[in-house]
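Colleague: I would like to go through this model with you. Could you put it on the screen, please?

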Amino acid sequence: MVLKHIRNLKNRFSSIVSRIFRKKRDIRIGLYGPVNSGKTTLANRICMDWLGEEMGSASVVPHETREIQTKEKVQIKSNGKSLTFNLVDTPGIATKIDFEDFLKFGLKKTEAKSRAKEATRGVIEAIKWLDRMDMVLVVLDSTKDPINQVNITILGNLDARNIPLLIVSNKADVRKSSTTKIRNAFPGYDVIGISAKTGQNMKDLYGSLLKKL
Amino acid sequence: MNLKIKFIPYEKMKMDSFSDILRDVKENTIILIDAKLKPEEESEIIEKTMESVSEKFSGIELSSIDFAGEEEMNNFERFKNIIIERIIGKKRGMTIIGPAKIIHKIKKNPKELLLYM
């Protein structure tokens, strides 16, 4: 118990210290969310829009992003304002990773096992990186039930750390998408409906991002 | 398969480590805790779970419910609730943690949890 308190105090202290020194370096905006919510597709969309190049590979196979990826000096402009930041794409947060799930996507057993192992490390890394963020876009799949523990844990942790956030209700191009469901599930948060795949409503997202920072 | 349900008071959970909880969960035990976990505790248990994932143990299903109904409170009730929770030292509610192999999904409404096994 004492050790836990010491660890918590240590985490808080290092968080405060990193925040003080963060002011002097570039702003970091992180993409967080559950697995397959379209974080990398959104990262690619942002990078294509402003840098003309993609950031990483997106896939229907879960846990395609298993390591933190950063794109530096992304400059976005909206309504005469501009913002330069480092964009951080993170592995999807999950409470379970079963290698057998990957077999359904045609992966061989050894590949599936190795993907699962890398994915678990990715989740841990993503959680550890939370403290380094200046702002987070919480990317949710608007075709799925938003009230699940992963979403609640991400939002709760960002609130506890006082990190500004914007909920991105992704996949607006899909027929059963519902941004209203996400708004109703998380009242009190700013929610913006987009399609990272088609680029729908990205201008609004950039505008909201600039307002938040 | 023998399925067990174990109740752990929040105070005991704080004294033990999450590794102890995970050890039980790996042995097909569903853990009930008489409080809503703090976000930092939830992320810590996710981290510990990820460290424990193996071919035999794929992870957990976890869900918390808030008995106090904070979302429907006015400012005075919210303040009163903060004071009560400070006194009792925990967030009023309940947390369920179970093995993902057994609990496939936990559906959460604001006031109830439904376990799909």
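**Working through the model**

Modeller: Lys71(A) counts as buried, because its relative accessibility is 17% and the limit for buried is under 20%. Please keep in mind that this is a predicted model.

Colleague: Where is Lys71(A) found?

Modeller: Lys71(A) belongs to strand 2 of chain A, residues 69-78.

Colleague: And which residues does Lys71(A) touch?

Modeller: Leaving aside residues up to four places away in sequence, Lys71(A) touches Cys47(A), Leu51(A), Glu53(A), Glu54(A), Met55(A), Phe85(A), Asn86(A) and Leu87(A). With Glu53(A), the side chain of Lys71(A) makes a polar contact of 2.8 Å.

Colleague: Let us turn to salt bridges. How many are there over all chains?

Modeller: The count over all chains is 16 salt bridges. One of them joins Asp131(A) and Arg161(A), whose closest N and O atoms are 2.8 Å apart. This pair links distant parts of the chain, 30 residues apart: Asp131(A) is in the loop between helix 4 (109-129) and strand 4 (135-141) of chain A, and Arg161(A) is in the loop between helix 5 (149-160) and strand 5 (165-170) of chain A.

Colleague: Is Arg161(A) buried or exposed?

Modeller: Arg161(A) is buried, since its relative accessible area is 18%. Asp131(A), at 21%, is partly exposed.

Colleague: What does Asp190(A) form a salt bridge with?

Modeller: The partner of Asp190(A) is Lys212(A), with 3.0 Å between the closest N and O atoms.

Colleague: What about Arg23(B) and Asp20(B)?

Modeller: Their side chains meet in a salt bridge, at 3.3 Å from N to O. Both Arg23(B) and Asp20(B) lie in helix 2 of chain B, three residues apart, which is about one turn of the helix. Arg23(B) counts as partly exposed at 48% relative accessibility, and Asp20(B) is partly exposed at 25%. In chain A, there is also a network in which salt bridges with shared partners join Asp141(A), Lys144(A) and Lys171(A).

Colleague: Now the sheet in chain B. What is the order of its four strands?

Modeller: The order is 1-2-4-3, in an open sheet with mixed pairing. Strand 1 (4-8) and strand 3 of chain B are the edge strands, each pairing on one side only. On average, neighbouring strands of this sheet are turned by 15° against each other, direction ignored.

Colleague: How many bridges join strand 3 to strand 4 of chain B?

Modeller: Seven bridges join them, and the two strands run antiparallel. Within this pairing, Ile65(B) has Met94(B) as its bridge partner, and Leu62(B) stands opposite Ile97(B).

Colleague: Which faces of strand 3 of chain B are covered?

Modeller: Both faces are covered: Ile60(B), Leu62(B), Ser64(B) and Asp66(B) are buried on one side, and Glu61(B), Ser63(B) and Ile65(B) are buried on the other.

Colleague: What lies across those strands?

Modeller: Helix 2 (residues 18-26) of chain B lies across strands 1, 2, 3 and 4 of chain B, and runs at about 140° to strand 2 of chain B.

Colleague: Last topic, the interface. How much area do chain B and chain A bury between them?

Modeller: The two chains bury about 2,500 Å² between them, 55% of it on carbon and sulfur atoms. Ile46(B), Glu47(B) and Met50(B) supply 24% of the area that chain B buries against chain A, more than any other three residues. The contact involves 29 residues of chain B and 26 residues of chain A.

Colleague: And how many salt bridges are found across the interface?

Modeller: The rule finds five salt bridges there. Among them is the pair Glu61(B) and Lys96(A), whose side chains meet at 2.7 Å, N to O. As for the side of chain B that touches chain A, its largest share, ten residues, comes from helix 3 of chain B.

Notes
Residues numbered from 1 in each chain as written. Chains lettered and ligands numbered in written order. Predicted model: local features only at pLDDT ≥ 70, side-chain atom pairs only at ≥ 80, totals over all residues. Heavy atoms only, no water. Buried < 20%, exposed > 50% of the residue type's maximum accessible area, 1.4 Å probe, protein only. Pairing = 2+ DSSP bridges. Axes fitted to C-alpha atoms, helices over the stretch in contact; angles between N-to-C directions. Contact = heavy atoms within 4.5 Å. Buried area = accessible area lost by both parts, 1.4 Å probe. Salt bridge = Lys/Arg side-chain N within 4 Å of Asp/Glu carboxyl O. Polar contact = N/O pair within 3.5 Å; in protein donor to acceptor, adjacent residues only side chain to side chain.
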